[in-house]
Amino acid sequence: MSILQTKKLTIKFGGLTAVNEVDFSLESGHIVGIIGPNGAGKTTFINLIAGLHTPTSGSVFLDGEDITAMKPHKRARIGIGRTFQLIHPLENLSLVENVMNGFLFAQDFSVPKARKAAVLLCEELGLSRLERPTSQMNILEIKKMELAKALAVNPKILFLDEMMAGLNSDESLEMISLVQKVTRSKNLAVGVVEHVMGVIKQLTHSVVVLDGGEVIAQGKYEDVVKNERVQSAYLGGGA
Amino acid sequence: MRQNKAVIGSAVGFIGVMIIILLIAKPSALIFGIQRAGLYAAIALPMALVLGIVHIVNLAHGEMMMIAAYLTYSICVAFGLDPLVAMVPTAVIMFFVGMLLFRFTIRYALKAPELNQLILTFGLAMVLSQGINLLATSQPRKLSVDYVTSSATIGNVSFGTYDFIFLAVAVIFLTGLMLFLKKTRLGKAAMAVGQNPVGAQFVGINVISTYTIIFAIASAMLGIMGAFFITKMSIFPTVGGAYTMKSFCLVAMAGIGNLPMVLLSSLVLGISESAVQSIPGGTGWSPLVFFGLIIAVILFRSYAKTAGVK
Amino acid sequence: MKGRLLFACALLLIIAAPALIMASGAADSEADTIKFGGVWPLGDITGEQGSKAAQLAIDEINANGGLLGRTVELVIIDSEFSPEKGASAIERLANIDKVDFFVGGMASGVHLGQIPIMKKYQKVTMWTGAASHLAEAAVGPDQDWYFHLHPWDYNQGASYVTGWNAIAEKYDEISIDRWFLAYEEGPFGSSSFEATKMLFSDLEVDGEAFQTAAAGGGDYSAVIERAKKYNPDVFIWAGYDADALPLMEQSKTLNFSPALYVGAPPGWPADFGNSPLAENVTLYGMWAPAINAVSDVSKRFSDGYVAKYGALPATYFAPLGYTAIMILAEAVEAAGTVEKDAVIAALEAIKYESPLGEIISFEPSNVISHQGIKNQKILQWQNGRQEVIWPFEFATAEPVYPFTPWGER
Amino acid sequence: MKKTLNRTFLIIGVLLLAAPLFMGPYAQSVARSVLMYLMLAISWNMLVSSGQLSFGIAGFFGLGGYASTLAIVYLGMPPILSLVFAFILVGAAAWLLGLVALRLRGMYFAISTLALAEIFRVIIHNWHGFTGGPNGKLLPKLIFDGASVPTYLLMAVLAAGTIAFSMWFRRSKFHFAVTSIRDNEIAAMSTGINIYKTLLMVFAVTSAVQGLVGASFANMYGFVTPESSFNMNYTLLPLAMTLLGGLYTTWGPVLGAVLLGIVGEYLKLYIPYGHLIVYGIIIVLVILFMPNGIVGLSGKLLNGFEARKKGEVQL
């Protein structure tokens with residue numbers, strides 16, 4: 001039974017239809033890749049689910065409940081976690097304080113309790129020297145912190161937007177196993193936007209291909225990449 | 001862009017409706033309002049330029065105009081010149097004053113949070129006005145020139161003709177700036193710097209010197225305005241403060257970096273203020289109209305912008 | 001983190017320490033000096049010249065051998081036009097400088113903050129400013145130590161009634177039946193309007209507010225247009241010095257020339273008299289250099305001021321500041337002591353010939369028991385000078401009537 | 001170690017607050033006005049920690065003064081109660097206005113707060129019958145009948161309360177919420193922070209503090225007038241003080257208010273004509289050479305701590 005569902009989700013900006021009637025679902029314990037060429041509407045789609053945009057039409061369901069009109073901060077509280085394509089460390093908070101936010105606000109922990117929980121979570125992800133300002137962290141640590149921030153809201157579903165961008169192959173591998181580990185241990189439903197096909201292949205259980213805001217294919221990675229429409233979309237031929 | 005058109009459309013519409021109402025009910029209020037709008041716009045345009053390109057809210061804006069006015073006054077008194085002639089040396093001097101102020105103070109606060117720039121320019125404003133107070137006392141000064149009182153009568157409405165010069169100055173400032181920004185190399189560079197300082201640096205534009213020149217140009221414009229100002233108004237050390245605030249409000253109402261809207265906003269405010277003042281007992285309430293309109297416009301724009309995007 | 005905290009505290013202490021010393025260590029006051037404590041807004045020309053004129057009086061007294069054989073001293077503190085600064089200044093004068101008398105004053109908004117503090121110390125006070133009846137109410141009755149030189153707002157209003165009636169009676173051609181008041185919308189202008197409406201209730205009075213140039217206004221077209229339509233015999237504007245010339249210019253532009261064009265600002269802009277627009281403008285005031293012609297005290301004061309500061313005083317707060325010191329000195333001389341009750345008694349009996357022309361003595365006003373001057377004078381700009389036209393005993397010129405139309409100058 | 005330092009600090013703080021009690025009415029009078037600015041600066045600094053720049057301090061200050069005065073004059077409210085009344089009324093007004101104004105950000109929010117402050121002033125100025133119009137209103141008597149020591153004590157208690165509130169604020173959830181909002185609203189939202197509600201609460205409470213200060217001003221000096229109660233100085237000086245001391249901290253505004261307050265008082269004794277120029281020059285120099293304020297600078301000096309470029313220091 002899928003935990004997250006979208007039905008004919010659509011958003012238009014002026015004349016441009018960025019996401020067009022997308023039906024999509026996620027299941028707990030599964031990792032779904034969301035791929036497509038630049039401008040296909042992947043990030044817009046995540047923003048729609050996170051509540052940053054209001055859809056023009058269509059709806060979003062979490063656990064069968066319609067959350068289409070819900071405010072973004074509420075969605076975080078009911079278990080939608082995400083990371084950002086452009087990373088957003090809160091630079092005036094230290095590493096651990098960045099992670100504490102989710103515990104404090106999505107889970108209503110007290111400050112000392114949130115700190116303890118954040119320390120535990122950071123250790124689980126292999127982060128150390130937790131009182132550092134974010135400006136003293138390297139890119140892998142920042143990415144891990146972003147993951148920790150998303151996990152701190154105690155998510156049921158998790159969207160990872162370009163988590164591997166900027167990482168070298170060793171670091172990517174480390175992140176991949178980390179994501180797989182938390183998906184299993186927390187029984188998460190995960191959506192991954194990624195450009196590197198190798199990562200998608202390794203990480204995901206299935207993929208959805210977006211082009212021009214529409215789903216043009218979905219299924220197992222191996223099958224989908226053979227799809228003609230997908231190939232022409234990536235080659236720039238258009239559908 | 002769309003919302004911009006909506007704002008311009010409603011501003012023009014508003015002005016149109018006001019003009020029609022006033023033409024029927026109180027033609028003189030319309031004329032006074034347009035004249036007042038010219039003064040507002042001419043003073044606010046240099047601030048809009050600085051804010052749009054250098055991204056500095058200059059709280060010493062009015063004080064710089066005050067300095068320019070005192071400069072004009074001193075030049076006129078010393079050499080017996082007409083203020084509109086003394087305008088030329090004033091503008092030149094103010095160009096360099098602006099350059100120095102920028103080079104030695106504001107430049108160092110560019111990278112700091114905008115709050116630092118606010119307080120820095122607030123400190124400068126204080127130094128300028130208190131300095132003049134010490135040198136020239138708080139007693140107001142004014143140059144009297146004959147042509148200021150020229151007037152015309154249409155039907156039974158008499159009004160000053162000289163006052164239209166402020167509208168002319170505003171229009172000349174505006175077209176001059178638009179041409180400068182769109183047609184000249186320096187202007188294009190300034191636009192590029194204003195939109196994306198980092199990117200501009202990559203294509204080889206010297207950001208700091210562009211900022212300096214823009215600030216100096218704005219100061220020279222204030223120099224010109226200072227000369228015009230003293231033909232109509234008295235000057236005293238604290239005369240600038242109110243115009244800093246008014247300009248700031250106008251620029252915010254127009255939207256940052258939108259020079260033509262400064263003129264439109266001035267017209268909206270000038271005519272509305274004048275209309276309110278033409279009602280007996282209305283003067284006391286005219287600031288309410290001024291500030292109320294500003295809030296309304298800002299809110300309207302923010303709603304127009306967020307419609308569809310949360 | 002904690003280190004920084006300590007550092008911050010240490011810094012606080014370092015900053016505060018001199019303040020502690022400054023505040024607790026009383027200024028070494030010689031028992032031999034008689035001390036006056038003065039508070040003015042020194043950044044404003046009224047306060048600047050008022051305080052300088054008071055210093056002139058102090059210098060003159062010392063040059064003549066002091067007071068009761070003791071030297072006199074004036075401690076001047078800036079009120080910065082702020083009630084809390086003005087109030088702190090009084091506290092300082094009372095506790096640190098330990099002055100014998102309070103003098104000075106300008107702006108009701110500052111004085112309202114000072115009055116409660118003054119009441120606490122009840123030192124003999126000779127105040128030269130603050131015209132608001134609200135300030136008088138704040139002082140309240142039965143405060144025998146409080147002496148107020150400047151007329152209250154209603155005194156001024158009443159003196160205009162008296163003055164204009166006298167003028168209308170003496171000069172047949174002058175008519176004063178229809179009044180229009182253009183007033184700035186602040187406390188000064190609007191209380192002038194209220195008072196005028198009340199005092200001239202048997203005449204036709206109308207008015208309209210304008211935004212003073214001192215507060216960012218300066219467009220008088222609306223009010224002039226209304227006045228022109230009303231067509232008054234007397235047009236009065238109650239605004240500030242910054243309004244004077246622009247208002248005249250806009251009147252000329254709109255061709256508005258009432259028979260009596262009266263300005264009632266507390267001060268005039270520099271070189272107003274030199275402007276051709278100024279000619280025949282009538283004004284209210286308490287002093288003008290022209291009074292030197294009818295008063296020796298005025299001349300002595302005025303010459304002394306010019307000798308010391310190089311220019312004629314531009315506001316009547318200068319002679320008022322000078323008067324405040326001199327009148328207290330004369331009372332101390334008469335009492336033979338600086339002891340409070342004796343000085344108050346001497347002040348109650350005093351008849352001091354002031355540089356303002358009047359012989360000042362203290363009488364009750366609406367609330368307080370010691371009000372000094374109750375009249376403003378009516379003056380007129382003639383040939384670049386302010387000439388007194390009323391009260392007639394100080395008159396230095398006949399009024400020019402009617403106001404020369406703009407086209408004929 | 002930590003305990004001793006805390007205790008040292010507490011003792012110094014209490015000593016400093018208590019010192020004017022033994023230094024006579026003049027010191028108390030100056031200290032009172034320092035404490036007033038200190039509270040305005042601290043409260044403003046709490047809101048600015050969320051990135052929202054308010055130019056409306058003078059507006060809420062004046063509103064509080066009028067609320068308290070009118071409550072005393074018309075309702076015969078006891079002075080202390082009128083302070084509470086002003087606190088609540090201004091807080092409620094700020095809440096309602098915040099509902100609209102907090103949709104705006106950056107310069108636009110700043111301008112709208114400035115405009116609101118002016119609108120308060122204009123309404124009070126023109127409402128002759130009720131507010132006394134341009135002339136203002138007198139209070140029947142001063143709080144504690146104007147006695148210097150109790151009045152100072154009241155201000156000291158209010159200031160200590162404000163400082164304590166700010167210290168709590170900087171350890172509480174609010175600290176995390178406002179700092180996140182200042183850094184990045186979208187990221188803040190995605191961790192579950194209700195931005196609008198957080199800002200609304202901070203705006204209402206800090207404005208209420210400003211109203212309380214205005215009310216105590218009215219009760220200390222016994223009057224309100226539109227010109228003095230809505231004076232722009234009440235907006236601009238707390239800003240300058242906060243910046244001088246250091247943004248985003250509790251002790252920054254405290255230091256700034258004490259320093260500028262006392263320097264201002266000093267200067268005018270030695271330079272009676274023209275001391276405000278020196279005051280202005282000090283502000284300019286401080287911004288140029290200590291862009292992070294004294295607390296930021298001292299932080300750097302002590303820790304060699306260069307990393308946080310915005311110079312934030314948690315105390």
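The structure is a predicted model, in which local features need pLDDT of at least 70 and side-chain atom pairs count only at pLDDT 80 or more, while totals for chains, interfaces and linings use all residues. Residues are numbered from 1 along each chain as its sequence is written, and chains are lettered from A and ligands numbered from 1 in the order in which they are written.

In chain C, 7 strands form an open sheet of mixed pairing, in the order E7-E6-E8-E9-E10-E13-E14. Strands (E, at least two residues) and helices (H or I, at least four) are DSSP runs numbered from the N terminus, and two strands pair if DSSP finds at least two bridges between them. Strands E7 and E14 of chain C are the edges, each pairing on one side only. From one strand to the next, the twist averages 25°; axes are lines fitted to C-alpha atoms, for helices over the stretch in contact, and angles run from 0 to 180 degrees between N-to-C directions.

| Element of chain C | Residues |
|---|---|
| Strand E7 | 204-210 |
| Strand E14 | 385-390 |
| Strand E6 | 178-184 |
| Strand E8 | 234-238 |
| Helix H7 | 187-199 |

Strands E6 and E8 of chain C run parallel and are joined by 5 bridges. C:Phe180 stands opposite C:Phe235 in E8(C). Helix H7 of chain C lies across E6, E7 and E8 of chain C, at about 160° to E6(C).

Between the chains, 30 residues of chain B are in contact with 34 residues of chain C; contact requires C-beta atoms, placed from the backbone, to lie within 7 Å. The largest share of the side of chain B that touches chain C, 4 residues, comes from H2(B).

Methods. Contact = placed C-beta atoms within 7 Å.
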